[in-house]
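Q: I would like to learn how to read the features of a protein model, one at a time. Could we begin with the way helices lie against each other?

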Amino acid sequence: MYSMDFRRTKLGRFMNNRVPSSKRYQPTEYEHAANCATHGFWIIPSILGSSVLYFLSDDQWETISAWMYGTGLSGLFIMSTMFHTVSWKKSHLRKVEQRFHMCDRMVIYFFIAASYAPWLNLRELGPWAVHMRWLVWIMACIGSAYVFFFHEKNKILDLLCYTAMGAVPAVVLLSMPNREGILELSVGGVFYCLGIVFFKSDGLIPFAHAIWHVFVAVGAGIHYYAIWRYLYATGTGQIKISRYFENSFLELAYVGRELECLWRSPLTALMP
Ligand SMILES: [Zn+2]
């Protein structure tokens, strides 16, 4: 299956040996740094992006959805960066590191629920699809409880749970009468799925986990774009923002004119 053996190439020194599935892979220093950087980089953009959605909100539901989605999105990158930092610098604190790993895994379930929330809350859905609004959060809670009790007991089952959490609400979304955004949602989903190949390739491909992080960031970016474009940028919130900038610009122009007059009047008085 893996015909390319990186261990024999120059890139081999960037990774450690593969471990049996019952153990956790030990990244190299380079890999640790890359794991922190690839998600740490997205913390500020995700907070800014969430704020944009908040300011674009026209009504209470859009505001609530912006909060839900924004918390899930920023929470994912914050938690992941925290876990990878602890795992890199504080790995001797075994218990602490394990707790952070658990939280990192739990946040993924809430992140998936949060990614669906704007669509489920703001889009016109079929009569049975409406229940998915709260069902995704129940699923996220069950997923977290599963992580809490059976953390790393069965890695294949873990992966199946994530896939189910990601795929079940998608089936419901496919029933939306309004098809706008379906393409972006699918493309984002494909990135997450392709990323799983790297998620499972620690010790086979150098920086495999960091590459997985990049796939997650790209998938999340595409989903953010779709939410911004189809659910938020279309409303009157957009007009509100552009009017705000327009007014600020007009005000600045006005202040400029006033200042100019102030400077000019003494000058003209001095003129012969
Ligand atoms: Zn990670």
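Q: How do H2 and H8 lie relative to each other, roughly parallel or roughly antiparallel?

A: Two packed helices are described by the angle between their axes and the distance between the axes. In this predicted model, local features need pLDDT of at least 70 and side-chain atom pairs count only at pLDDT 80 or more, while totals for chains, interfaces and linings use all residues. Residues are numbered from 1 along each chain as its sequence is written. Helices (H or I, at least four residues) and strands (E, at least two) are DSSP runs, numbered from the N terminus. Axes are lines fitted to C-alpha atoms, for helices over the stretch in contact, and angles run from 0 to 180 degrees between N-to-C directions. Here the axes of H2 and H8 are 11 Å apart, and the helices pack at an angle of about 10°. H2 and H8 are therefore roughly parallel to each other, given that angles under 35 degrees count as roughly parallel, over 145 as roughly antiparallel, 65 to 115 as roughly perpendicular and the rest as oblique.

Q: Which residues make the contact of H2 with H8?

A: Two residues are in contact if their C-beta atoms, placed from the backbone, lie within 7 Å. On the H2 side these are Gly49, Val52, Leu53 and Leu56, and on the H8 side Tyr224, Ile227, Trp228 and Tyr232. By class they divide into seven nonpolar, one polar and no charged, where Ala, Val, Leu, Ile, Met, Phe, Trp, Tyr, Cys and Pro count as nonpolar, Asp, Glu, Lys and Arg as charged, and the others, Gly among them, as polar.

Q: At what angle do the axes of H7 and H8 cross?

A: The axes of H7 and H8 cross at roughly 170° and come within 8 Å, and H7 and H8 are therefore roughly antiparallel to each other. The contact of H7 with H8 has 16 nonpolar, four polar and one charged residues.

Q: What is there to notice about the phi of Phe207?

A: Most residues other than glycine have a negative phi, and most peptide bonds are trans. Phe207, in the loop between H7 and H8, has a phi near 60°, which is a positive value in a residue other than glycine. Phe207 is buried, with 24 other C-beta atoms within 10 Å; a residue is buried if 20 or more other C-beta atoms lie within 10 Å of its own, exposed if 12 or fewer, and partly exposed in between, with C-beta atoms placed from the backbone.

Q: Is Ile112 buried or exposed?

A: Ile112, found in helix H4, counts as buried, with 24 C-beta neighbours inside 10 Å. Not counting residues up to four places away in sequence, Ile112 touches Ala140, Met165 and Gly166.
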